[in-house]
Amino acid sequence: MTYVKYLPLAKPKVGVSGKTGTWRTERPVYDPSKCVKCDLCWLYCPEGVIEIRASSERYISIDYDYCKGCGVCVSVCPTKALRMEPER
């Protein structure tokens, strides 16, 4: 008898909390030269706004329409490829 193993997948839906208004004071900025493609930023983003683009020079992209600027991605990045900058 063959058993098929199904793994549960859980990923937050982008924009569950709605679009970010003008209240965000800082945003994460990505430096591809420091990225080691560990995917921790994608894994820990509570809003699910980080997208992996393996075929692109810029490995990740951030949807700033929904990013809340919490800084979780910055805090888990082992190489400091993400940093927080003031909102313009």
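I call a residue buried under 20% relative accessible area, exposed over 50% and partly exposed in between, with a 1.4 Å probe and protein chains only. By that rule I noted Cys70 as exposed, because its relative accessibility is 52%.

**Ground rules.** I am reading a predicted model, where local features need pLDDT of at least 70, side-chain atom pairs count only at pLDDT 80 or more, and totals for chains, interfaces and linings use all residues. Residues are numbered from 1 along each chain as its sequence is written, and side-chain values use heavy atoms, with hydrogens and water left out.

**The whole chain.** I looked up the secondary structure and found two helices and four strands. I take helices (H or I, at least four residues) and strands (E, at least two) as DSSP runs, numbered from the N terminus. The order along the sequence is β-α-β-β-α-β. Of the 88 residues in the protein chain, 28% are buried. I then turned to contacts, meaning heavy atoms within 4.5 Å. Among those between residues at least 6 apart in sequence, 72% join residues at least 24 apart. The chain exposes about 6500 Å², with 55% supplied by carbon and sulfur atoms; such areas come from the Shrake-Rupley method with a 1.4 Å probe, and for residues only the protein chains shown count as cover.

**Arg24.** I found Arg24 in the segment before β1 (26-30). Arg24 counts as buried because its relative accessible area is 8%. What does the side chain of Arg24 join in a polar contact of 2.8 Å? I found the side chain of Glu87 there. A polar contact is a pair of N or O atoms within 3.5 Å; within protein, one must be able to donate a hydrogen and the other to accept it, and residues adjacent in sequence count only if both atoms are side-chain atoms. A polar atom of the Arg24 side chain also lies 2.9 Å from the backbone oxygen of Tyr64. Setting aside neighbours within four places in sequence, I listed Tyr64, Cys67, Lys68, Gly69 and Glu87 as contacts of Arg24.

**Ser61.** Strand β3 (residues 60-62) holds Ser61. I marked Ser61 as buried because its relative accessible area is 19%. Its side chain makes a polar contact of 3.3 Å with the side chain of Arg53. Not counting residues up to four places away in sequence, Ser61 touches Val49, Ile50, Glu51 and Arg53.

**Asp65.** I looked next at the loop between β3 and α2 (72-76), where Asp65 lies. Is Asp65 buried, exposed or partly exposed? Asp65 is partly exposed, because its relative accessibility is 44%. Beyond neighbours within four places in sequence, Asp65 is in contact with Lys19 and Thr20. I also noted 8.7 Å between the C-alpha atoms of Asp65 and Val49, which are 16 residues apart along the chain.

**Leu43.** Helix α1 (residues 40-44) includes Leu43, and I noted Leu43 as exposed because its relative accessible area is 52%.

**Cysteines.** I searched the whole structure and found zero disulfides, a disulfide being a pair of cysteine sulfur atoms within 2.5 Å. Cys67 is in none, and its nearest cysteine sulfur, that of Cys73, is 6.3 Å away. I also logged Cys67 as buried, because its relative accessible area is 7%.
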